[in-house]
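Hi everyone, thanks for coming. I'd like to walk you through one structure today, so let me put it up on the screen.

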Amino acid sequence: MAVIKQDDLIQSVADALQYISYYHPVDFIQAVHEAYEREESKAAKDAIAQILINSRMCATGHRPICQDTGIVTVFVKIGMNVSWEGATMSLDDMINQGVRQAYNLPENVLRASILADPAGKRTNTKDNTPAVIHYQMVPGDTVEIDVAAKGGGSENKSKMAMLNPSDSIVDWVLKTVPTMGAGWCPPGMLGIGIGGTAEKAAVMAKESLMDSIDIHELRARGPQNRVEELRLEIMDKVNALGIGAQGLGGLTTVLDIKIKDYPTHAASLPVCMIPNCAATRHAHFTLDGTGPAVLKAPPMDAYPDITWEVGDGVRRVNLDTLTPEDVQTWKSGETVLLSGKMLTGRDAAHKRMVDMLNKGEELPVDLKGRFIYYVGPVDPVREEVVGPAGPTTATRMDKFTRQILDQTGLLGMIGKAERGPIAIEAIKDYKAAYLMAVGGAAYLVAQAIKKAEVVAFPELGMEAIYEFDVEDMPVTVAVDSRGESAHITGPAIWQKKIAESLAVEVK
Ligand code: SF4
């Protein structure tokens, strides 16, 4: 009978969370590299290059892959012969103590993103607790733990349906994936739970994402059951949608499709689909009573040596002297290097600003002629001016966009993924622009930030308004002043190209 020590469990959870904050799983790096090699869309290839360069930088710098260091999700399999001699905490409390330790580690502080009272005050718990924990009792005398840190952007795109038993799961996936936009930061994986009940399908979808990428092995050996057939069919058909990395249009949207299933009621076909993003983070360890788990760092040669050149045609923009007329010359899909000062603000800051505007109050910052970057950075450590600071999903700010453009004279916005119709209309009406940075390349983006200062709402923590001084920050014009969206044109072009090349293959 194995005796599991409380401190070993706490330390192992803390170490695993630190580990996954800066090391992608090796299978994920390999799959992204393969996608990079075969990608033909320049915009998508550039985005994948940034994801890979960021991954290598995080592995050497031991800083987070993404500014959103996730909500901790844990799957625990407790051997029925295990004993917890001397434990003073519940297993939930031990795991949460590990989370607390990991997220507040001074050498690599992670972002505390968890808010208590979600329907009310939404108060930050300050240490990223509590984790979402799933338990299973199994035969044996070990404790097996899967730890993941799931980004909010990809979690928000989870979808669920109670299909009719005769409905096609493939059709539902193909109808649903385009509605998820790019806020889940593709390329990534789709975890699908089929069967059971509504909540069982959701847990299976999440648990399926704990597995390694192995679709190529499956393709090579051939499917042996319906679930394996579905994995291959969904993978090929989703990639044929042409959505591509960051939704810019391209050959690879998904790197693998994971499916778990369970018997269900004769009247039911529950299906849940949860995407995993460019910051796929999970680790697995087993405690057998001999001490805390030791996770080996991936070898550095697992990281491809990729460089990313912006090329000659790139537009360099000085934000400090930029005029509305300059912005109107930008074209959707163009790469731009930004230098100068920008403000930041995301959900809570936008809500506050709009509330103040509605009351006729003066804002604490003057947005006229400025760009606002939708970001919630990680706190800095050592010599950093700011921690990893990649973009957050812009669509959450769509409902504020017209009022902010109208009442403040804001010139433009920077975020990740597409804008919805109401924001695109507002951008067009006010001849503004929306730029996108690569989601999941946060440490790389942060290298462009030379100064950072909180200028308003400091009580909002990572959601405060900062002023950043940036140098050559790479972005893409995602919506230009005419309202043309690279997230609409890019996937449409690549969907057509893929269909044409498949038609040629069939002939
Ligand atoms: S890669 Fe995108 S979805 Fe994933 S954690 Fe980062 S910002 Fe969120």
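Before we look at a helix pair, a quick word on terms: the axes I'll mention are lines fitted to C-alpha atoms, for helices over the stretch in contact, and the angles run from 0 to 180 degrees between N-to-C directions. Please also keep in mind that this is a predicted model.

With that in hand, take helix α11, residues 347-358, and helix α12, residues 398-408: they pack at an angle of about 55°, and their axes are 11 Å apart. Angles from 65 to 115 degrees would count as roughly perpendicular and those under 35 as roughly parallel, so α11 is oblique to α12. The crossing of α11 past α12 is left-handed.

Who meets whom here? On the α11 side we have H350, M353, V354 and L357, and they meet F400, Q403, I404 and Q407 of α12. By class, that contact has five nonpolar residues, three polar and no charged.

Now let's step back to the domains. The protein is divided into domain 1 (6-287) and domain 2 (315-490), and their C-alpha centres lie 28 Å apart. Domain 1 gives 35 residues to the contact and domain 2 gives 30. On the domain 1 side, helix α3 (residues 42-61) supplies the largest share, nine residues. That side divides into 18 nonpolar, 14 polar and three charged residues.

Last stop, the ligand. It is surrounded by 14 residues, and the closest are G151, G153, C185, C277 and G440. Domain 1 and domain 2 each contribute at least three residues to this shell, which has six nonpolar, seven polar and one charged by class.

Thanks, and I'm happy to chat!

Methods. Residues are numbered from 1 along each chain as its sequence is written. This is a predicted model: local features need pLDDT of at least 70, side-chain atom pairs count only at pLDDT 80 or more; totals for chains, interfaces and linings use all residues. A residue is near a molecule or strand if its C-beta atom, placed from the backbone, lies within 6 Å of it. Ala, Val, Leu, Ile, Met, Phe, Trp, Tyr, Cys and Pro count as nonpolar, Asp, Glu, Lys and Arg as charged, and the others, Gly among them, as polar. Domain bounds come from an automatic or database domain assignment. Two residues are in contact if their C-beta atoms, placed from the backbone, lie within 7 Å. Helices (H or I, at least four residues) and strands (E, at least two) are DSSP runs, numbered from the N terminus. Angles under 35 degrees count as roughly parallel, over 145 as roughly antiparallel, 65 to 115 as roughly perpendicular and the rest as oblique. A crossing is left-handed if the near helix is turned anticlockwise from the far one by less than a right angle, and right-handed if clockwise.
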